[in-house]
Amino acid sequence: MGRAFEFRKERKFKRWDKMSKVFTRLGKEIVMAVKTGGPDPNTNTKLRTVIQNAKGAQMPKDRIEAAIKRASNKDEKDYEEVVYEGYGPFGIAFIVETSTDNTNRTVANTRSYFAKAGGALGTSGSVSFMFDRKAVFRFAQAAYQLDELELELIDFGLTEIAENEGEIFAYTEFEDFGSMQKALEDRGIEVISADFQRFPTTLTELTEEQEEIIHKLIDRLEEDDDVNQVFTNMA
């Protein structure tokens, strides 16, 4: 699982580097975290994680603080997290995670993206059974030894650990996110990002031309301000 994820993640980061709205997306995540748990990252673990991810994406400190302040305003709009499932061209399964202040707009846009690509939205649960949801922590390799870290972290839910281009990726089950986050904090490990990813249990091979068509649909989805993450079972 790990190495395939690393390359997909790297490709996603390269796409996001070209998307100026990445800070807007992070700002929305900060707003949602503050509204659910308050503006103090010391007592709001979700907010602490989002701030950590924002710093990892080099979001300016003043923009982070402005988002927290804005979220504390009762007049600030609320966002709802909605997950869409469906099939793209060539039978590729898609899961699209969104956060929106207008579900009618988001579902209409998402449906149109699939339809124009020759795919279709499905009902809840139509493809999610084909994915495992994992927590993924990313931090600089530094002087850490993978074997030693694995032994230290296995009691906190570690299921896999891998290194790629100077960074370490630690994986846990969805429900072990909090335990792993605390274990890394207790060890003074500065996490670059921590989030949830969906890994397909089986992969579908495509030709290069078919892959390009799927990538165009992924890009179109990720360009939508309401979309947070897109997952597929494309190899």
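# Helix packing and selected residues in a predicted model

E165 lies in the loop between β5 (158-164) and β6 (167-173). The model is predicted: local features are given only at pLDDT of at least 70 and side-chain atom pairs only at pLDDT 80 or more, while totals for chains, interfaces and linings use all residues. Residues are numbered from 1 along each chain as its sequence is written, and side-chain values use heavy atoms, with hydrogens and water left out. Helices (H or I, at least four residues) and strands (E, at least two) are DSSP runs numbered from the N terminus.

## Loop residues with positive phi

E165 is not a glycine, yet its phi is positive, at about 50°. F90 is another residue other than glycine with a positive phi, in this case near 65°. The position of F90 is in the loop between β1 (80-87) and β2 (93-100).

## Accessibility

The classes in the table are buried (under 20% relative accessible area), exposed (over 50%) and partly exposed (in between), computed with a 1.4 Å probe on protein chains only.

| Residue | Relative accessible area | Class |
|---|---|---|
| K28 | 8% | buried |
| V83 | 42% | partly exposed |
| F90 | 39% | partly exposed |
| T110 | 1% | buried |
| F156 | 30% | partly exposed |
| E165 | 63% | exposed |
| V230 | 8% | buried |

Two packed helices are described by the angle between their axes and the distance between the axes. Here the axes are lines fitted to C-alpha atoms, for helices over the stretch in contact, and angles run from 0 to 180 degrees between N-to-C directions.

For α2 and helix α3 (residues 45-56), the packing angle is about 165° and the axes are 8 Å apart. Because of this angle, α2 is roughly antiparallel to α3; the cut-offs are under 35 degrees for roughly parallel, over 145 for roughly antiparallel and 65 to 115 for roughly perpendicular, the rest being oblique. The crossing of α2 past α3 is left-handed. A crossing is left-handed if the near helix is turned anticlockwise from the far one by less than a right angle, and right-handed if clockwise.

On the α2 side, the residues that meet α3 are L26, E29, I30, A33, V34 and T36, and their partners in α3 are K46, L47, V50 and A54. Contact means heavy atoms within 4.5 Å. By class, seven residues of the contact of α2 with α3 are nonpolar, one is polar and two are charged. In this scheme Ala, Val, Leu, Ile, Met, Phe, Trp, Tyr, Cys and Pro count as nonpolar, Asp, Glu, Lys and Arg as charged, and the others, Gly among them, as polar.

Helix α2 (residues 22-37) also holds K28, a buried residue. The side chain of K28 reaches the backbone oxygen of D225 at 3.0 Å. With neighbours within four places in sequence set aside, K28 is in contact with Y79, S99, D225 and D226.

## Packing of α5 with α8

Helix α5 (residues 103-117) and helix α8 (residues 208-222) pack at about 160°, and their axes are 10 Å apart. The angle is why α5 is roughly antiparallel to α8. In this pair α5 passes α8 in a right-handed crossing. T110, Y113, F114 and A117 of α5 make the contact with L217, R220 and L221 of α8. Five of the residues in the contact of α5 with α8 are nonpolar, one is polar and one is charged.

T110 belongs to α5 and is buried at 1% relative accessible area. Residues up to four places away in sequence not counted, T110 touches Y84, L121 and L221.

V83 sits in strand β1. Its contacts, neighbours within four places in sequence aside, are with I95, V96, E97 and R198. V83 and Q229 are 146 residues apart in sequence, and their C-alpha atoms are 9.6 Å apart in space.

F156 is in the loop between α6 (146-153) and β5. Not counting residues up to four places away in sequence, F156 touches D176, S179, M180, A183 and R187. From F156 to T172 the separation is 16 residues in sequence and 8.4 Å in space, C-alpha to C-alpha.

V230 is part of strand β8 (residues 227-232).

Note on methods: Polar contact = N/O pair within 3.5 Å; in protein donor to acceptor, adjacent residues only side chain to side chain.
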